Every structure is written in structure tokens, then in C-alpha cells.
Amino acid sequence: MKETNTLVEYGAVIDPNQMVVPPDVTELDLEPGHPGLGDKEYVARRKELFALCRKHRLERLGPPIVNYTPEETRIWREVSPKLEELHRKHACAMYNRAKHDLAITQTEIPQLRTISERLERETNMHLVPAEGALPYRTFYEYIAERGFPVTQFIRHGSHPEFTPEPDMIHDCLGHVPPLMNQDYAELLTLIGKAAATTPHGDQVLALKRFSWFSIEFGLIEDHGQTKVFGAGILSSTGEIPHSLFSKDATRRPFVTETVINTDYDPSKMQKDFFIASSLPFLRRELEALVRRFNIPVL
Ligand SMILES: [Fe+2]
């Protein structure tokens, strides 16, 4: 990071303390412009799942079994085949293999409890039920303990291809499959340990950006081709072609110093993409960064 006390995130100056002392959101809060606002039935369902998942998270009960409604299943059945087709063409091989091994189908919304048990056997990772997007530091405190927080609600049916917040389609079809891969699991947990340990807001922000441009919106070289492995791309029918082919986006090799100094806007289609040469490369880069920051987690 540059030597400065001013931290800028999403284009605005932020309090570095905000990065290390996370706020706790105790009630469902749909942002202005959310497609579900004004739909009483949707809001009631979201509140119900918010309370259920929050209880299971705080009491460490694991993912609850959820009885999905016909409308939720309809949305899953509409979105997942479109993503599946794009994944076959553009996702990295590691992702496609893992999705297949987890037997995530296009017809039924999977139960995260079952997937969590499978992950535990494969890579010693597990899923933590989350009532919504958790503050970054809280999120990575779970990851440091090999738990991946996942939502269990589904986006609003009026815009099945769009969600302003991470929902189950984003989590389950983006983040969850790569957790089957040992290299990915180790990369993720090291980011988690480092972010949960450092007392410095600027270092948390740097790790957040490292994670954003890899785990969330990363591209990767795969058998001589550029493929997708970031969850934010993999769970969006718009972002997959945009990330690989759009003239409005840049694609550069992943250089850590550049990445940790690059701001982004999570509310828009992304304009900067970085291509990692491999997962072991990202692991080496992360270890070097953690050493440079003197975070005692290696
Ligand atoms: Fe995500």
C-alpha cells in the first residue's frame, strides 16, 4: 500500500477503523432500488430466513434445512441452466470438476447442510449459514476457522438474472464448488487468517482487494486459455462474457502491488480484471504479502 493514512474504498474516503471493527447488522435491510422492496410476501420470507440463518450462525448450529417455495425453485430452475452452459465454455476446469463432484443440479436447490458435510470430508472446509452479506472482517474470521459463510435466500423473481446482494445462487454456484479444491481452500483460509489477525485497516483493505480480484472477480490461465474462477463472475450470466470479451474492461496479469492499490465499485459491472497464472501462484503472492505486512499467521 502507499504510505498514507487516508484509505479510499469504493471511491470514498473511509475510516480505517471500520475495516477492523465490523458493524453488526441485526435486522434485514434491503437497499434502495432492491427489486424485492414493496413485495410483502418476499420481504416476509427474507425476514424469516434472516432470523433462521442468524440464529444458526450465532449458535453455531450449521446450515438449517430450508423448505424452498415453488417460486424460489422456479428462479433456481431458470437461472442455473443458463449458468451451466456458460460454465462449460468459460469456467476453469477446477470449478467444473468440483461442481460436478458436488452433484449440484439444475432442478433442485441444494441443501447446504449436505454440501457442508461433503466439503468437510474433502477439504476440511464447512459452510456457515449467513443471514446476508457479513461485514468483511466478520466474514474472514469464519474463513480463518475454515468456515465459509453462505446465504440461503434467493433473489427476487422479477429479475432472476440480477441480484444487488450475494444470494444463494451467487454463493452456491460461485463460491461453494471451488471449496472442494485443496489449493483453493488453503488460499482462502490464509486470506482469512491474515485479515482476521492484522490490527491495521490498510492491510485489511489490501487483503480485501487481493480477495476481490481473485476469489471474487478473478480470471485464471488454464491450459493456455483465460478462464473464469471468481465467484462474482461465475454466478452472473452478464459478467461471464463481459469479463472475458468486453471492450469496456481491461484484462491484465495479476500483479499484487497493482491489485492492492486498485479500487473497485461492487455495484457495477466490473472494469478491471486480473489474470492469475495458477492457484499456487496466488498462494505464493499472498504468502509474500503476509510476510511483508508482518502478520504472524504463516
Ligand atoms: Fe462473493
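Helix α6 (residues 136-144) packs against helix α9 (residues 201-216) at an angle of about 70 degrees, and their axes are 11 Å apart. Axes here are lines fitted to C-alpha atoms, for helices over the stretch in contact, with angles running from 0 to 180 degrees between N-to-C directions. Helices (H or I, at least four residues) and strands (E, at least two) are DSSP runs, numbered from the N terminus. α6 and α9 are therefore roughly perpendicular to each other; angles of 65 to 115 degrees fall in that class, while those under 35 count as roughly parallel, those over 145 as roughly antiparallel and the rest as oblique. On the α6 side, Y136, R137 and Y140 meet V204, L207, K208 and S211 of α9, where contact means heavy atoms within 4.5 Å. By class, this contact of α6 with α9 has four nonpolar, one polar and two charged residues. In that scheme Ala, Val, Leu, Ile, Met, Phe, Trp, Tyr, Cys and Pro count as nonpolar, Asp, Glu, Lys and Arg as charged, and the others, Gly among them, as polar.

The model is predicted, so local features need pLDDT of at least 70 and side-chain atom pairs count only at pLDDT 80 or more, whereas totals for chains, interfaces and linings use all residues. Residues are numbered from 1 along each chain as its sequence is written, and side-chain values use heavy atoms, with hydrogens and water left out.

The protein chain as a whole has 13 helices and eight strands. Its C-alpha atoms fill a box of roughly 50 × 45 × 40 Å along the principal axes. Among contacts between residues at least 6 apart in sequence, 67% join residues at least 24 apart. Buried residues make up 55% of the 298 residues; buried means under 20% relative accessible area, exposed over 50%, and partly exposed in between (1.4 Å probe, protein chains only).

In soluble globular proteins, nonpolar side chains tend to be buried together. The largest nonpolar core has 88 residues, of which I115, L127, L188, F254 and L282 touch the most other members. Such a core is a set of buried Ala, Val, Leu, Ile, Met, Phe, Trp, Tyr and Cys residues joined through side-chain atoms within 4.5 Å. Not counting residues up to four places away in sequence, L127 touches P63, L112, I115, S116, L119, F148, V150, V176 and L179.

L289 lies in helix α13 and counts as buried, at 2% relative accessibility. Beyond four places in sequence, L289 touches L207, F210, T256 and I260. L207 also belongs to the α9 side of the contact with α6.

P164 sits in the loop between β4 (147-151) and α7 (168-175). With a relative accessible area of 27%, P164 is partly exposed. Leaving aside neighbours within four places in sequence, P164 is in contact with E31, H34 and P35.

Two residues remain for their backbone angles. Most residues other than glycine have a negative phi. A103, in the loop between α4 (93-101) and α5 (112-123), has a positive phi of about 55 degrees. N294, in the segment after α13 (279-292), has a positive phi near 60 degrees. A103 counts as exposed at 56% relative accessibility, and N294 counts as exposed at 67%.
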